[in-house]
Amino acid sequence: MTSPSAAPASSSQVSAVLPSAGPCGPALGHGHRAPIELVVGLYLKALREAARMTLHEAAHAARTSAATISRLENGRTPLRGDAVDCLLRAYGAADWRLSAYFQQHLPPVNPREREREEKAADKAFRSAPWDVFADIAPGASERYALCHRAATAVMTYTLQTIPEPYRTDAYDAAVRTSEWSMPSLDGIEPSPVPVETGVPGPGSGQEMTLLLDEQALRAPVGGARVMAGQLRHLLKIIESGAATIRVVPFGAGWLPSPTHVSELVVHGHRLIAAHSLTPWYSTRSRHARTMSQMLRELREDLTASDSYDQIKAVADAMAAQDARTGPTGGPSPGVRASAADTADEERGRRP
């Protein structure tokens, strides 16, 4: 619900709060950007494009430079709450809840104040208030997709199901209509202005890495036939070189709380992105650093050949099961063994 008093921003209003044009200075603090600065910058760019405005048109409306608008969108300059509010109005996305929530979570614009707080947080072994951003404002699901869409590199660990960019149509349909689905973001209100959120798949030019937990590998989502087809699809992706896929075996010691967690490279910055009930992001928090290190260690420690052989073995087993039971036999979308039980059985068989 937008505020009754919300009205389109005037050029003078926008100009008064935007940073002035000029060379971009060095990154603040420890050379990073707060997650909200990266996320909201991408969102502002998507809103501008949805409004069919070029950088120069947006700059003309705001009486600033195209370079300034570009730096805001690309996370190369601090975001000010009043500037965000005015740009939302200029793009036709005025919503007092968006503005209020963003302003509440933005870091200080003053570099000295920001650096002072970050040093104090580091000394006390805690995160600065803006090091983690939990997004519950309208459009949160669109912003989560935008981050994955804009990243030049995406490394994803998945515990229960294979992520969307790697799915077959049959597997995707089975996930969406079953207990295997991830916590839904459907309860979060959509963006006031629809934005393009399609996520690229393997072979799109992104550097893509999938760390597939063995639990997700063996979960009979959709039944044996659907799962066999999905796993053979992963084998084709590996063979084409479109993405790196590694299988994380049971007992590898990786037990994250979210079912999916990704490390994204957005505008040269590493951004941890995950969601349980809502999307959340982190850059320099200790939690983010630990997750980043563990993801990279898993990718380096697991071999391509072992992972390929594991996926092929399970695909062959699923195909054999389907051949024995037929299209109506075996696991069905309505009655499936839980992945947790499958994992427990596997662990029980291990010495």
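Colleague: What does T158 touch, leaving out residues up to four places away in sequence?

Modeller: T158 touches P163, L210, L211, L212, D213, A216, T259 and H260. Keep in mind that this is a predicted model.

Colleague: And what makes these count as touching?

Modeller: Contact means heavy atoms within 4.5 Å.

Colleague: Where does T158 sit, and why is T158 called buried?

Modeller: T158 is found in strand β2, residues 153-158. Its relative accessibility is 0%, and buried means under 20%, so T158 counts as buried.

Colleague: On to the rings. How is a pair of aromatic rings described?

Modeller: By the distance of the centres and the angle of the planes.

Colleague: Then why is the pair of Y144 and Y281 called tilted?

Modeller: Their ring centres are 6.2 Å apart, and the limit for a pair is within 6.5 Å. The planes are at 50°; stacked needs under 30 degrees and edge-to-face over 60, so the pair is tilted.

Colleague: What does that pair tie together?

Modeller: Y144 lies in helix α8 (residues 140-150) and Y281 in strand β7 (residues 279-282), so the pair ties together parts that are 137 residues apart in sequence. Both Y144 and Y281 are buried.

Colleague: How many aromatic pairs are there by this rule?

Modeller: The count comes to 3. One of them is Y101 with F133, with 6.1 Å from centre to centre and 45° between the planes, tilted again. Y101 is in helix α6 (residues 96-105) and F133 in strand β1 (residues 132-134), so this pair links parts 32 residues apart in sequence. Y101 and F133 are both buried. And Y101, F133, Y144 and Y281 form one aromatic cluster.

Colleague: How do you know that the charged end of R143 sits over the ring of Y43?

Modeller: The charged end of R143 is 4.7 Å from the centre of that ring, and the distance limit is within 6 Å. The rule also asks for within 35 degrees of the ring normal.

Colleague: Last one: which residues touch the most other members of the largest nonpolar core?

Modeller: That core has 43 residues, and L47, L88, Y91, F102, L264 and Y281 touch the most other members. Its largest share, 9 residues, comes from α2. Apart from this core lies another, of 27 residues, including A224, V247, I311 and A315.

Terms used:
Residues numbered from 1 in each chain as written. Predicted model: local features only at pLDDT ≥ 70, side-chain atom pairs only at ≥ 80, totals over all residues. Heavy atoms only, no water. Phe/Tyr/Trp six-rings, centres within 6.5 Å; stacked < 30°, edge-to-face > 60°. Helix = DSSP H or I, 4+ residues; strand = E, 2+ residues; numbered from the N terminus. Buried < 20%, exposed > 50% of the residue type's maximum accessible area, 1.4 Å probe, protein only. Core = buried A, V, L, I, M, F, W, Y, C linked by side-chain atoms within 4.5 Å.
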